[in-house]
Amino acid sequence: MKMHLTAAFVILMASSAYGGEPLPAEVASFLDSVSERGVPIDVVELKAREGLAKGVAPQQLRPILERLVEHLEVAQDVHEDADAALLSATASALRSGASASTLRRLGEVQAGARVRATETLGDLVRMNFSERDALRLTLQAAQATDPNAALIGISGAAASLVRSGLPSSTVAKQIDFAMDSAGQMDDDVRAPKGKAYGHDRDGGPADPKGKDK
Amino acid sequence: MSSEPGDYLLTHRAPDGVMDRAMRAPVARSAGPTRALALAAVVLMVLGGALGWSLHGWMPSNDAVTLASDVPVRLALKAPGADSVSVAGTFNEWSPVAMATASEDGLFQIVLMLPQGRHEYLFLVDGVEWVVDPQATLLSDDDFGVSNAILDV
């Protein structure tokens, strides 16, 4: 049975070659007009293709695409020189209810984790976390050694807990607790109680009692 | 046109690493307080464990994180009685790709090689019904009145 299942798997390479069918004239002309506004056209086209695939009439797409373009323009103000992925994530977070000022704070996140941080912030706001809680949890996770994994973990854990019926404020506290505990575990590993060795976070030798001074 | 999560049974997806942590989180529906607390404990243990490992040291800000190459992700939907199931999403420009069926119990599945990052997708049953992955932890409103499943790779 497993052999048959395995044989039946279809391995596909992710490729933008999928789709690619000609767009209806009204959608194509709208995309042309959008390209003059400087927003990433690929993001708008992808949303158009999604709507068309789901049976939305081309004329009904326009207001939805217009709103996406507006969010992308705000995203450009939030993050100067952002690539399409960050602009798309920021537009999505804006749509979820995050404010531009909160999203701007994610500029302090390391570049390789900024898209994921934006997605997590948007997830948390969409789950009715306060922006303050969402930003705090996101920034904290973004400081982990593997920030992308930590941010994914927070989004998934928050979704599961909220879906179980817990209020978002309670979930925020529980995730806070989990991250604090994890951080404490890490501190214990690096500097067990009663011993002073290793280095502090500034790179200097750990000397909590100052006995060497 | 669309179905709610739970109408179809998904066997599992089989990604590695972060997918295990992110997508295998248990999904509870109509959970009571006790079950909710138990679930919370489990999720926090998983989250705490993941963070416990990942918090070894702190990276200087603005350092780029090196990303690995594409990741194999298996999507599966058990849809007894369906003649066909396809999957469409941001990874294939929403152009449905047929999923293979290999058994009489209506199990449809596919393996995709996806780049790291966030993807949104839906199953399309018999070419007419968009179905949310019942196992998806995160959902996103798609602007068209249907929720997309979110897949973080």
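Modeller: First, a term: a residue is buried if 20 or more other C-beta atoms lie within 10 Å of its own, exposed if 12 or fewer, and partly exposed in between, with C-beta atoms placed from the backbone. The model is predicted: local features need pLDDT of at least 70, side-chain atom pairs count only at pLDDT 80 or more, and totals for chains, interfaces and linings use all residues. Residues are numbered from 1 along each chain as its sequence is written, while chains are lettered from A and ligands numbered from 1 in the order in which they are written.

Biologist: Fine. Is E119(A) buried or exposed?

Modeller: E119(A) is buried, because 28 other C-beta atoms lie within 10 Å.

Biologist: Which helix holds E119(A)?

Modeller: E119(A) is in α7 of chain A, residues 114–126. Helices (H or I, at least four residues) and strands (E, at least two) are DSSP runs, numbered from the N terminus.

Biologist: And what is E119(A) in contact with, leaving aside neighbours within four places in sequence?

Modeller: A89(A) and R118(B). Contact means C-beta atoms, placed from the backbone, within 7 Å. As for S155(A), it is 36 residues from E119(A) along the chain, and their C-alpha atoms are 8.6 Å apart.

Biologist: How many residues of β10(B) are buried?

Modeller: Six of the six, in residues 147–152, so the strand is largely enclosed by the rest of the structure. Both faces are covered. S147(B), A149(B) and L151(B) are buried on one side, and N148(B), I150(B) and D152(B) on the other.

Biologist: What sets up the two faces in general?

Modeller: In a regular strand the side chains alternate between the two faces of the sheet.

Biologist: What about β9(B) and β10(B), how do they pair?

Modeller: Antiparallel, over three bridges, with β9(B) covering residues 139–141. L139(B) stands opposite A149(B). Their hairpin has five residues between the strands, and D143(B) takes a positive phi near 80° there.

Biologist: Next strand. How many residues of β6(B) are buried?

Modeller: Seven of the eight, in residues 107–114, so β6(B) is largely enclosed by the rest of the structure. β2(B), residues 71–78, pairs with β6(B) in the antiparallel sense over eight bridges. V73(B) has L112(B) as its bridge partner there.

Biologist: And how does β5(B) pair with β6(B)?

Modeller: Antiparallel too, over two bridges, with β5(B) spanning residues 100–101. T101(B) stands opposite F108(B). In the hairpin, which has five residues between the strands, G106(B) takes a positive phi near 80°.

Biologist: Which residues other than glycine have a positive phi near 60°?

Modeller: One of them is W94(B). W94(B) sits in the loop between β3 (85–89) and β4 (97–98) of chain B. W94(B) counts as buried because it has 24 C-beta neighbours inside 10 Å. D81(A) has a positive phi of about 60° as well, and is not a glycine. D81(A) lies in the loop between α4 and α5 (84–96) of chain A. With 6 C-beta neighbours inside 10 Å, D81(A) counts as exposed.

Biologist: Switching to domains. How is chain A divided?

Modeller: Into domain 1 (25–78) and domain 2 (83–192). The bounds come from an automatic or database domain assignment. The contact takes 11 residues from domain 1 and 10 residues from domain 2 of chain A.

Biologist: Which element gives the most to the domain 1 side?

Modeller: α4(A), with eight residues. That side divides into seven nonpolar, two polar and two charged residues. Here Ala, Val, Leu, Ile, Met, Phe, Trp, Tyr, Cys and Pro count as nonpolar, Asp, Glu, Lys and Arg as charged, and the others, Gly among them, as polar.

Biologist: Last one. Which residues touch the most other members of the largest nonpolar core?

Modeller: L121(A), I175(A) and L122(B), in a core of 84 residues. Helix α9 of chain A (residues 147–163) gives the most to this core, with nine residues. A nonpolar core is a set of buried Ala, Val, Leu, Ile, Met, Phe, Trp, Tyr and Cys residues joined through C-beta atoms within 7 Å.

Key: Contact = placed C-beta atoms within 7 Å. Pairing = 2+ DSSP bridges.
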